[in-house]
2 protein chains.
Amino acid sequence: MSSPDEGSSSSSLKQLPWFVASSQLLGLAAVIVVGVWMGHYRGGFSWDHGVLEFNIHPLCMVIGMVFLYGDAILVYRVFREEDKKCIKIIHATLHMCALISSVIGLVAVFDFHNSLNIPNLYSLHSWLGIITIILFAMQWLLGFIIFLFPGGTSTLRAWYLPLHSFFGVTIFGMAVAASLTGITEKLLFTIKDTYSKFPPEGILANALGLLLVAFAACVAYVVTRHEWKRPGNPEEEALSLHFHRITRGDEEED
Amino acid sequence: MSSPDEGSSSSSLKQLPWFVASSQLLGLAAVIVVGVWMGHYRGGFSWDHGVLEFNIHPLCMVIGMVFLYGDAILVYRVFREEDKKCIKIIHATLHMCALISSVIGLVAVFDFHNSLNIPNLYSLHSWLGIITIILFAMQWLLGFIIFLFPGGTSTLRAWYLPLHSFFGVTIFGMAVAASLTGITEKLLFTIKDTYSKFPPEGILANALGLLLVAFAACVAYVVTRHEWKRPGNPEEEALSLHFHRITRGDEEED
């Protein structure tokens, strides 16, 4: 659309790719760092019902519940001009990949616990993690039913859209918080006696925590910045108009 | 303002007090639970340079960096119709109280570490916590200078307002994440051997973590829901108009 502020709007749009690129660098760095931590310092990966199987857990959770989840949220901003139906399918598919990766990660840790007779689900990390996964799966299912198949009425979609967006970012934040408690747990279970002497493994794992927070903040900024929201198109007009009607009155008062 | 949707808007406003009340119940419950954890299970509080001084740390951080911080964010929604200047002063004062409480909490833990020759700032919890406090203090200072005294130009304020809001909620989320890693650390330093047997202390501390997450989610929902933003008033018109000009063009495209 044309407005007196088109200039400032297009100049703000020029920043978008830099923020998206930064998010990808931070997210990939986090995946690499957790891989190095488990692969190099914790002995590598194997489906052996032992500690090497445990190591699959942090890797799969960071790939699924953080990196892929964050990227799934970002697709609406990265592909701002593409067909919305197509982006919805990419959004749902990336979330499904995130869920599959997380389930593999969960099986790995339950399998490890069970074979070593370690109780499951007693720690804050596990409580927070399991609640996050359940909410994530529910959010995926509701999103799929209401926005993709069979698809809700336009009233239902307009009502659910802001809730879906809010819970999307909130559950993503919970996933990152669960990761941070997981890093803390793993360090205190493995290098408790040397952690306070600033060993490379401790510094690497702390850096992983900060990378996850930076990635989450970058993703949250990109998806909440008003100027970067998708421009409307005729296809979405009916829903969009309805959505405007029920929200605009109050937004005017901002 | 009057609009065809005034009805639906005022019906959504009726939900606001319930969400605010829920946030207060969750926040107060978190403060009580951390008090019971430290007071009952960890021996109470004393400025003795020992473990009882450490216990002041979690209590002050939860009161300051979570409860007061959350409430400071909420004042703009709770007092929607009051004079904005007055609410700004309450917002800044509550944040200052949060900062003072956090500094007392920080002194307590540094004092405890130093008297027992425990190194400072080696863990992920401490890295995350100290970064959060530094960002919080910078955000407070910038907010004070730009919005209160001496006050920035309307252009500067309009540019900074969305950044201030974004970082406000993000740093709040970081404070909650830092608390969760702190709870995990404390449990593994004190009841590591019995934690997996579901002792009352472990369950209480896990519940504290969930209360903090629920409080944060409730506060974030209240402050990000569009219909609950403050209605404008003539006093704010100049800033508000300018702010509308630079954001509206894009919001229309939502």
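Which residues is Ser196(B) in contact with, leaving aside its neighbours within four places in sequence? In this predicted model, where local features need pLDDT of at least 70, side-chain atom pairs count only at pLDDT 80 or more and totals for chains, interfaces and linings use all residues, Ser196(B) is in contact (heavy atoms within 4.5 Å) with Pro119(A) and Tyr122(A). Residues are numbered from 1 along each chain as written, chains are lettered from A in the order written, and side-chain values use heavy atoms, without hydrogens and water.

Two residues are set out below. Buried means under 20% relative accessible area with a 1.4 Å probe on protein chains only; helices are DSSP runs (H or I) of at least four residues, numbered from the N terminus.

| Residue | Place | Relative accessibility |

Not counting residues up to four places away in sequence, His164(A) touches His91(A), Gln139(A), Gly143(A) and Phe147(A).

According to an unreviewed UniProt entry, the annotation "domain: Cytochrome b561" covers residues 22–224 of chain A; such annotations may be inferred rather than shown by experiment. This span is 84% helix and 0% strand, and its end C-alpha atoms lie 16 Å apart.

Key. Helix = DSSP H or I, 4+ residues; strand = E, 2+ residues; numbered from the N terminus.
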